[in-house]
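Biologist: I would like to learn how to read pockets and helices from coordinates. Please take me through one example.

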Amino acid sequence: MSNSVQGLGKFLIGGGVVAVAALVSIAVFDYPPATDDAAGTIVPAKRFRADGGGTTIIGDSAATQSGIVTDRASTDAANAAMADGIAKAQMADGVAKAQMADGVAKAQMADGVAKAQMADGVAKAQMADGVAKAQMADGVAKAQMADGVAKAQMADGVAKAQMAEGLSRAQMAEGVAKSQAADASTRAQ
């Protein structure tokens, strides 16, 4: 019982470590970035549109139809920052998945240890049961032997009592015979 409690404690500690590691990785990698940290502008897609008699590429020139001026350098910097944020998020996700897999592996190992300990406990209980049964059988045999000895002693006692009774009767008969002989000799005088 205490082994399964220890296994559960180890599992809970491992889960806590995984949760703390996930929180630390989120704080370190700053995913998702706060709105203050976000950089770049939204640029309209490049498409061709007929405008009167010709075509204009929107978003390809310095000035667009809406009047927003785009700078190629700031767009590239925003794309680089976004790519960096995605890479950090993927790394954090990979770390979290690795930690989760590690936690699952540790939980499975703890479960295996608990099952092995349970099997060991069952084997020990069966061995103790076998020893108890052997001791009981030994006790029964000893009791039967003691009972046999007691019966033999009782039979011996009965035989001795009968022999003593026989001797007593013989002595009594001899005493009666002597008495009768003495009585007869007294009458004969």
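Modeller: What follows treats the pocket, then a helix, then one glycine. Keep in mind that this is a predicted model.

Biologist: How much space lies in the largest pocket?

Modeller: The general idea is that rolling a probe the size of a water molecule over the atoms shows where empty space is left. Here the largest pocket holds about 430 Å³ of space.

Biologist: Which residues lie nearest the centre of the largest pocket?

Modeller: K10, F11, G14, K106 and A107 do, out of 23 lining residues. Both α1 (2–29) and α2 (72–188) supply at least two residues of that lining. The largest contribution is from α2, with 12 residues. By class, the lining of the largest pocket has 12 nonpolar, 8 polar and 3 charged residues.

Biologist: Why does the span of α2 agree with its number of residues?

Modeller: At 1.5 Å a residue, the 117 residues of α2 should span 174 Å, and the end C-alpha atoms are 171 Å apart, so the two agree.

Biologist: Which residues of α2 are buried?

Modeller: The buried residues of α2 are T75, A78, A89, A92 and A110. As a general point on such a helix, there are 3.6 residues a turn, so residues three or four places apart point the same way.

Biologist: Is G16 buried or partly exposed?

Modeller: G16, which lies in helix α1, has a relative accessible area of 31%; buried means under 20% and exposed over 50%, so G16 is partly exposed.

Biologist: How far apart are G16 and G103 in space?

Modeller: Their C-alpha atoms are 9.6 Å apart, although G16 and G103 are 87 residues apart in sequence.

Notes. Residues numbered from 1 in each chain as written. Predicted model: local features only at pLDDT ≥ 70, side-chain atom pairs only at ≥ 80, totals over all residues. Heavy atoms only, no water. 1 Å grid on protein atoms, 1.4 Å probe; cavity = no way out; pocket = protein on both sides within 12 Å on 5 of 7 lines; lining within 4 Å. Points joined across faces, edges and corners; volume = space filled by probe spheres on them. Helix = DSSP H or I, 4+ residues; strand = E, 2+ residues; numbered from the N terminus. Nonpolar A, V, L, I, M, F, W, Y, C, P; charged D, E, K, R; others polar. Expected span 1.5 Å × (residues − 1). Buried < 20%, exposed > 50% of the residue type's maximum accessible area, 1.4 Å probe, protein only.
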